[in-house]
Amino acid sequence: MSAITTKKESIHFLYFAIKRVWMAAGASEEHAHYVAHGITFAHKQGKINQGLGSYEAIDIALQMGMMDMQSTPEVVDEGPNWGMVDGHRSSGYYTLNIMADLAIEKARDTGIAIVFGCNHNDAGCFGSYVYKAFEHDMMGTASSNGPPLVAPFGGMENRLSCPPFDSIVPTGSKPPIWVGTAIGEFHDADVAEAAIFNKPIKGGKVLIDPETGELTDDVKPYAVPLEGYGRIYDCTAASQIINPRTYAMNMWSEAMTAIINPRGVPVSSMPSLDEIMNTDIKSTSAGGSYFMCINPSVFGSLDAVKKRSDDYVEFIEACPPRPGHSVRVPGSKGYKFIQQNDEIVEVMTNHWDPFFINIAGRYGLSETQLREEFEADKTHSKEE
């Protein structure tokens, strides 16, 4: 079993390189900023599997003709406390930022606002979007659906998406209540990690053999690498949901992202990755999304909200741990990383070469050239 390897890198160089490569692919500077910011935010948060390797998802969408690099997401409908943003086949990074900004602005007066999104591709780390609400002393909640990656509870075939879910609450001096998770047992990065490093897949026996229905944690017979990529793997085995509560949350998320969403496309109408790769079917990689913002200052004292949040978190943290365990609040570690604002972050090495050799190389760029440009560019320290 091989150990996962990482390397240390400047967050500013990562931002510069990602932005430069996405612009070389045809993106506007604004679009490229949102992509680079979202990916580097994941590294700042310590979620390195949602970092540089996540670029592969939008690169695949571009190579498969799912992405329109010339489009700009557009607010196509809205009311006093709601909105609808059509991504026009752009990235989710671009679309979710516009959705978040619109929801935050509307919630200033209405207290609660929700903005739906449609017709966009992968959005990467959802923590970067809800954190925008947090910076305005508001609560942000966001998610999107995607292609079928999860089997229904007790089923053998993938029929559900594996949606990201992020939500954060205003706080005072303590870390915020910040929930960030995938509503499923594993996703493509876990398949890649298990296959590349010859280890059991995260979560235990969550793979369903397509012939026998037996459960296993051995991904090797099912992992399908995509040439030129290090994070994105397909998988011929379905993904089991272990707990009925996860199943319920997954279906609730589908309702929010794509069923009540007036322009959403439910996972039941989305093609699989295999169909997109091997047929003429074209689809964006997300069928729908939402960003909900709550401004507690409209309903009462913001200071009182922050105190209640602090008191609650302190109460949880003070719980005596079981022998050999520790007690922490979800999201607290990532929040502390962000507050530290370290300039040097970790990057997985199996994400590094696919980006700098295969993807950047497609546009005549190399790591050496990008570093030279980075050193010559005196504005990179102001990137965020």
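Glu 367 counts as partly exposed because its relative accessibility is 24%. Buried means under 20% relative accessible area, exposed means over 50%, and partly exposed lies in between (1.4 Å probe, protein chains only). This is a predicted model: local features need pLDDT of at least 70, side-chain atom pairs count only at pLDDT 80 or more, and totals for chains, interfaces and linings use all residues. Residues are numbered from 1 along each chain as its sequence is written, and side-chain values use heavy atoms, with hydrogens and water left out.

**Salt bridges**

- The structure holds 17 salt bridges. A salt bridge here is a side-chain nitrogen of Lys or Arg within 4 Å of a carboxyl oxygen of Asp or Glu.
- One of them joins the side chains of Arg 263 and Asp 86, at 3.8 Å from N to O. Arg 263 lies in the loop between helix H7 (244-259) and helix H8 (273-278), while Asp 86 lies in strand S3 (residues 82-86), so the pair ties together parts that are 177 residues apart in sequence. Helices (H or I, at least four residues) and strands (E, at least two) are DSSP runs, numbered from the N terminus.
- Arg 263 is partly exposed, at 41% relative accessibility. Asp 86 is buried, with a relative accessible area of 9%.
- Another salt bridge links Glu 157 with Arg 159, with the closest N and O atoms 2.7 Å apart. Glu 157 counts as partly exposed at 48% relative accessibility. Arg 159 counts as exposed at 52%.
- Glu 367 and Arg 371 also meet through their side chains in a salt bridge, at 3.1 Å from N to O. Both sit in helix H12 (residues 367-376); they are four residues apart, so about one helical turn separates them. Arg 371 is partly exposed, with a relative accessible area of 28%.
- Glu 9 joins this group: salt bridges that share partners connect Glu 9, Glu 367 and Arg 371 into one network.

**Aromatic rings**

- A search of the whole structure finds 16 aromatic pairs. Rings of Phe, Tyr and Trp (its six-membered ring) pair if their centres lie within 6.5 Å; planes under 30 degrees apart count as stacked, over 60 as edge-to-face and the rest as tilted.
- Trp 22 and Tyr 55 form an edge-to-face pair, because their ring centres are 5.5 Å apart and their planes meet at 85°. The pair links distant parts of the chain: Trp 22 is in helix H1 (residues 11-24) and Tyr 55 is in helix H3 (residues 55-63), 33 residues apart. Both Trp 22 and Tyr 55 are buried.
- Tyr 34 and Tyr 94 form a tilted pair, because their ring centres are 5.7 Å apart and their planes are at 45°. Tyr 34 lies in helix H2 (residues 29-45) and Tyr 94 in helix H4 (residues 92-110), so the pair ties together parts that are 60 residues apart in sequence.
- Tyr 34 counts as buried at 13% relative accessibility. Tyr 94 is buried, with a relative accessible area of 2%.
- One aromatic cluster is formed by Phe 13, Phe 16, Trp 22, Tyr 55, Trp 352, Phe 355, Phe 356 and Phe 374.

**Charges over rings**

- Lys 7 lies over the face of Trp 352, 3.9 Å from the ring centre. A charge sits over a ring if NZ of Lys or CZ of Arg is within 6 Å of the ring centre and within 35 degrees of the ring normal.
- Arg 371 has its charged end over the ring of Phe 13, 4.2 Å from the centre of that ring.

**The sheet**

- Strands of a sheet pair through backbone hydrogen bonds, either parallel or antiparallel.
- Seven strands form an open sheet with mixed pairing, in the order S2-S3-S4-S13-S5-S6-S7. Strand S2 (74-79) and strand S7 (178-182) are the edge strands, and each pairs on one side only. Two strands pair if DSSP finds at least two bridges between them.
- Strand S4 (residues 112-118) and strand S13 (residues 289-294) run antiparallel and are joined by six bridges. Phe 116 has Tyr 290 as its bridge partner in S13.

**Around Gly 334**

- Gly 334 is found in helix H10 (residues 332-340). Gly 334 counts as buried at 9% relative accessibility.
- Gly 334 and Gly 46 are 288 residues apart along the chain, and their C-alpha atoms are separated by 5.9 Å.
- Leaving aside neighbours within four places in sequence, Gly 334 is in contact with Lys 44 and Gln 45. Contact means heavy atoms within 4.5 Å.
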